[in-house]
Amino acid sequence: MSSDAKPPDLVMPPPEDVPMAVQLTGITKRFPGVVANSDINIAVRRGTVHALVGENGAGKSTLMKTLYGMHQPEEGTIRVDGAEVSFNSPAQAIAVGIGMVHQHFMLADNLTVWENIVLGSEPTSGGRLDVRQARARIDELGRRYGLMVDSGALVEVLGVGARQRVEILKVLYRGAKILILDEPTAVLVPQEVDELFGNLRELKAEGLTIIFISHKLDEVRSIADDITVIRRGTTVGTADPRSVTNRQLAEMMVGSALPVPELRESTVTERVVLQLAGVSVAGSVVGGRDVLSDIGLAIHAGEVLGIAGVEGNGQAELVDAIMGIRPIAGGSIELAGKDIGHLSTSARRESGVGFIPEDRQRQGLILEGSLWENRILGHQTRRPSARGFLLDRAAAKADTQRIVETFDVRTPGIEVTAASLSGGNQQKLIVGREMSEDPVLLIASHPTRGVDVGAQAAIWEHLRMARAVGLAVLLISADLEELIGMSDRLTVILRGRLTGAYDPRTVTTEQLGAAMTGAGDEHVGEVA
Amino acid sequence: MTGSRGRRILLGAAAPVGALVFSLLITSLLLIATGHSPFEAFGAMASAFERVRVILGTINQTAVFYLSAVAVAIGFKMNLFNIGVDGQYRLAAMMSAVVAGAAFMDSLPSFLRIAITLLVAMVVGASWAGVAALLKVTRGVSEVISTIMLNAIATFLIAYLLTPQMLAVLEGNNISTPKITEGGQLPVFQFEGSTTPLYSGVFLAVIVGVIYALVLSRTVFGFSLKATGMSETAAIASGISVKKMIVSAMLLSGAVAGLVGMPELLNGSAASYSLNFPTGIGFTGIAIALLGRNHPVGMIFSALLWAALDSSANALQGVGVPRELVTIMQGVIVLSVVVAYEFVRRYRLVLEARDVARALAARNPQEATL
């Protein structure tokens, strides 16, 4: 239980006669070659919200999979309500009252809410599905815990917040008394988060126990009764949410001081690098609504334009349109005054567009290729990777070595496959690659998603340095702090349109959140 | 990462060698169950190679199989399944035989005649494969379906064209394209004690293999081909036009397929395309490419193995074992090797992830965990 930063306010759970709802002692889980969890100790009091915080990759999910019976620990014991248990499958965990709400919803869109909830544990009467009983029980659960959702509605018309309530109901329906919520706020806008927290407080008041996994510290401090911090696979301490600060928590998570997304003095110039005017992109359904309409924006040299938005509002399509992956139906795209709207992706890249795609494993890398082959990817027609139609393997390898050193990619060599690197190091390789060959424009889609704090700081620093020498950056992120901290200007994308301009120096996350859902009117917005 | 190269080769060889051993095991059990002696059977197969004729025949066959495997492998490299190599090479062989046997060729120098023949074969093969490519990029038709159908169409087309009314001549009972006259064929190498010569077509296979290896590892095109095969989404984001790659890979695959019939046509004693022309090599090529993992050197070994098994099959009949035993062996090899390769692939990834974690941990103990 060591910590580089002094753990603030170490509160041990108060000794009580009531057994802990969940008590994990000395849990160790190994995967080939790495220890994912070692000597984890957590005590969760009944009727509380217990937050488990830690960086991405710290081992939170591994631990929760252990608790939910998805795999077995090599060492340690799990006690539920004082009795030692061991699970071979999630079914056994459910049987003792442990339920899990996954980060990614597992709902069938074309079924109704109640159908989704009973799926797999359908109540029957006389061999037939007892619809009335099912719906009655669901409505009763909803009333009791304040989880309001129309049990007859089709899931596909529900918004994200409502879907999450369905997921929670699904778990409650199966009799869970202990709920594990894996990053439940990752997909929610601020207003929906407040709503969720209201629900969680009701659940708590009803005597349920909630284990809340997150790395968003504001949220953790506002909802949790106890906090346990995990770092590098082990529990490094507990904290009292009433007295601990974000910074103290974050430093416990990281084990050292923490990076801040911020820009220094403005480097914005008058020179327009990217100009979009009236750009529209047709939907994939013939005759359907445009996925992007009337997009106009300009990014200057030395400027970062941030785009906020709830996922699925056209960000991916905008990136694809600029990169030439998806054809535009109308409007123009100009790069440094030159029309590139109808060039191939390859030609656009050659004219100086760097691209950090949102899904690094699917779009950014060839996982089974070596690091130097991945260095060539996207730059296969240019020096140093190629000379004419021939690859220049020696030069590509040398340049990969340069990227590994300059961008601090932690790897034993450039011959290993990209798959063997951690997420943060994969991303640093991509950032290094896309900053090569002096781009004039960088499209950065979620550049620090799922990377550790060290890599995040490094990537931000490289963005700042590139901006200082005149790079124009289009930054798309779901992390509002990153957007506010790293942008010179902000805009919001909503249902395929850019709505409003914001000054990152004055805007708050709440204001952005409201704009992202269409002035907070989420229910109308998402159903329509 | 010391010894990683050695390990890579070892791991690469583990699956095919394991599959071969496994197939020997299965066939041994089969032989015992049917009252034969495995030692006698395998002994007879081995002793077939005491004759020079069988060795030369095996080498010639290896070259043909290898060409077919390369044709398949070009598609496989980017997850295109060109099942149509069979139809492509048969149609190409017939059309080029017609051109090579045409009267006007007699006046041309030998070098030019052979060059034209090869060119026609490649163009015909590429065009036939191009039909499938076009269907795929314009209408999204799966190349698996279209190439299988094109195989059937090629069979009928050949039957239609190979009549005296069309392109063939009737000689006695045998119907074939006009015989290629002297100078239209490539020389062969005669060896003492063998009626079968060594085909110069073997060198054609060597040249194709070298070009295949170089294109894959040294050119932008080869890189794009592999990148598309390993991750289409990453290829698109990297500016590789997948449609262009589909068309060029199919055309190249078809062009190489066109060469499959050339050793037989340009070296064989028949010197024409007839109904006796070898069939089914396109399908054998799929198995060989699988076994050789599309690797330019790996496929040499698998083609050699296949040809050797085929050549020794007749010897089995000498000891009263049906020659179809060889077919069973080949089937077991392919089935088990596909499974084994997937195991080895996963094991290799796990192994490497562990090595990297270890190497980094040794450098910086703080990063030992995930």
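Biologist: Which residue stands opposite A:F212 in β10(A)?
Modeller: That's A:L181. Mind that this is a predicted model, where local features need pLDDT of at least 70 and side-chain atom pairs count only at pLDDT 80 or more, while totals for chains, interfaces and linings use all residues. Residues are numbered from 1 along each chain as its sequence is written, with chains lettered from A and ligands numbered from 1 in the order written.

Biologist: What sheet is that strand in, and what's the order?
Modeller: An open one of six strands in chain A, running β6-β9-β10-β3-β11-β12 with mixed pairing. Strands (DSSP E runs of at least two residues; helices are H or I runs of at least four) are numbered from the N terminus, and a pair needs at least two bridges.

Biologist: Why is one side of β6 and β12 left without a neighbour?
Modeller: Both stand at the edges, each with a single partner strand, so one side has no neighbour in the sheet.

Biologist: And how many bridges join β9 to β10?
Modeller: Five, and the two strands of chain A run parallel. Helix α6 (residues 190-205) of chain A packs on the sheet and touches β3, β9 and β10; contact means C-beta atoms within 7 Å.

Biologist: New topic: which residues touch the most other members of the largest nonpolar core?
Modeller: A:I443, B:L67 and B:V70, out of 255 residues. Such a core joins buried nonpolar residues through C-beta atoms within 7 Å, buried meaning 20 or more other C-beta atoms within 10 Å.

Biologist: Which helix gives it the most?
Modeller: Helix α3 (residues 52-76) of chain B, with twelve residues.

Biologist: What does B:V70 touch?
Modeller: Leaving out residues up to four places away in sequence, B:V70 touches B:V208, B:G209, B:Y212, B:V256 and B:M299.

How values were computed:
Contact = placed C-beta atoms within 7 Å. Axes fitted to C-alpha atoms, helices over the stretch in contact; angles between N-to-C directions. Buried ≥ 20, exposed ≤ 12 C-beta atoms within 10 Å, placed from the backbone.
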